[in-house]
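Subject: Structure handover

Hi,

Here is the structure I promised to pass on. My notes follow below it.

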Amino acid sequence: MLSLPLFAQKEPFVSPVNRNAQIAKLTEVSVDSFDFYLNFFKGQGYEQKQSHDNGVYRFAGLTANNEGVFINYFYRTRALHIVAEQNCNYFSFKDACGEKICEPQITQLSLVDYGMSYVIRLSDGRFILIDGGNNYERDVDRLMAFLKESSPLHKPVIACWIMTHAHHDHFHAYFGMEDKYEGEYEIQSFMLNFMEVDDERFPGMEKASNAFGYDNSNLVNIPILFDRMKKTGAPIYMAHTGQIYNFGDAKIELLSTLDEMIDFMRANINATSLVFKMELGGQTILWTGDATLSEASLPQRYGDYIKSDIFQVPHHGFEGPINPKVELEGYIINSAKVCFLPVSKNNAYTAIDTFHVGPRYLFQYADAEVIVGDDNKTITLPYTPSPHRILENRYNFREGLSRSGATVWTFTGLKYENADDVEFEVLKSAGWVDATITAQLYFFDKAKNISNIRFSLKTGYHRINIADFSNHVIDGVWHSGRTLAEKGFESEGEFAIKFISSMPVVISNKNHQATYKNELNV
């Protein structure tokens with residue numbers, strides 16, 4: 001374990017990242033801590049190879065005896081992180097930009113299912129690949145065909161294959177490429193930072209999906225991945241926050257990696273994604289993989305530094321951020337005018353993304369072109385967003401909401417004595433977040449009215465009985481005299497019911513049609 005002296009009577013928290021790396025963290029410390037530990041390592045014989053200070057964070061890279069040490073101080077959060085990596089080859093990194101023979105491009109490849117596959121063409125004709133998607137033959141064939149079509153070189157050359165995190169829909173395409181197309185392309189380097197398969201902090205390593213014809217668990221496939229990468233002879237760079245790589249005319253700056261997340265997010269592999277800022281073609285691109293902005297603490301650590309011209313929407317827009325307020329803050333700060341969203345149009349506008357705070361902001365409020373993944377989409381840098389496509393995004397957003405159902409449903413002429421009249425069927429087909437549905441009952445005699453009957457429903461098909469108190473969500477208004485618990489259900493007389501849902505749903509009753517529902521939920 002790292003053995004570090006105290007700074008200001010504070011002992012760093014030290015944790016293993018993997019078999020070769022450890023991280024030490026200090027919180028609520030001054031920038032003097034950076035100089036303190038920098039001088040400590042220099043005193044231990046480490047040679048400083050790199051440093052930069054952009055006013056947002058301060059970085060230094062040192063090495064001794066094949067060990068790399070990377071020190072980051074974040075001014076906004078007053079946090080110091082020190083990563084020590086054995087068998088570190090970062091300082092031997094070499095790459096040269098060849099003659100400019102084409103314009104740089106970014107392509108978002110369409111995939112059979114969820115996943116992420118981006119091809120960045122450099123001006124010297126080589127490529128940077130980000131993830132690649134699943135090991136589906138159609139996706140692998142599409143990737144290889146695109147490389148051949150887009151390469152101005154005799155054989156496609158991949159300057160670096162970057163794998164953001166250890167989920168099968170982000171790195172298993174590499175297996176298919178090696179199995180089917182070995183020798184038809186060249187790989188010059190790899191970049192990743194994956195956890196160990198026996199790390200108890202990630203209990204899902206053995207989990208496998210029945211959707212595949214092979215064991216797709218990390219327990220099996222991470223070791224296979226490293227074995228195959230090593231056999232290529234190409235260098236494997238373990239990415240650490242603060243590092244800067246230059247592949248051709250593309251500059252890559254790591255903003256978040258497994259290092260910071262290893263003890264914070266525990267079993268959330270998405271949060272361990274490499275997050276990096278790329279400069280290419282006179283524009284900046286923020287790549288996030290599946291790490292939401294709030295999970296990776298990007299707004300907190302970097303503030304305006306995460307602004308970019310082009311933005312890859314985190315986690316396919318599915319999000320599930322730990323802090324929706326901070327997530328939205330990050331989207332607003334980023335303010336990119338072009339956003340890549342690696343998911344189908346249906347999932348983007350109808351099924352899932354529209355109901356999460358980040359994508360909804362992009363669709364409804366941001367002046368940005370959102371590029372979804374039904375087909376391969378290529379932009380040439382520098383790229384100017386299309387006003388027509390921005391308007392098209394807004395139209396698709398409104399149409400998607402309408403197709404998803406409605407948030408308000410009203411039924412009249414109901415009677416308690418008719419058993420079917422108090423039972424309703426609810427279809428929640430959109431979004432992964434639970435829907436909260438509130439029911440309000442109205443009688444001709446308003447003294448009998450009942451309010452605040454609440455249900456919480458997951459995605460799927462449900463049957464709810466409004467008179468069955470055991471099915472209701474109990475909240476802070478239980479004491480109100482108008483609740484079902486206090487008043488009981490009026491057994492005589494007609495009543496009307498109004499359902500208000502936090503998300504679009506479809507509500508039906510066996511004997512009665514909804515007399516009113518809102519058609520558009522914006």
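Predicted model: local features only at pLDDT ≥ 70, side-chain atom pairs only at ≥ 80, totals over all residues.

Numbering starts from 1 along each chain as its sequence is written, and side-chain values use heavy atoms, without hydrogens or water.

The sheet. It is open, with 7 strands in the order β14-β15-β16-β17-β18-β19-β20 and mixed pairing. Strands are DSSP runs of E with at least two residues, helices are runs of H or I with at least four, and both are numbered from the N terminus. Two strands pair if DSSP finds at least two bridges between them. β14 (244-247) and β20 (369-372) are the edge strands, each pairing on one side only. β19 (residues 338-341) runs parallel to β20 over 4 bridges. Among the partners there, C339 bridges to V370 of β20.

The helix. α2 (residues 137-150) has 14 residues. Its buried residues (under 20% relative accessible area, 1.4 Å probe, protein chains only) are D139, V140, L143, M144, F146, L147 and S150. Down the axis they fall within an arc of 160° (directions from the helix axis to the C-beta atoms), so they line one face of α2. On the other side, E137, R138 and E149 are exposed, meaning over 50%.

What does the buried side of α2 pack against? The contacts (heavy atoms within 4.5 Å) are with β7 (105-108), β8 (117-121), β9 (127-131), β10 (157-162), α4 (173-181) and β21 (377-380).

Best wishes

Technical notes. Expected span 1.5 Å × (residues − 1).
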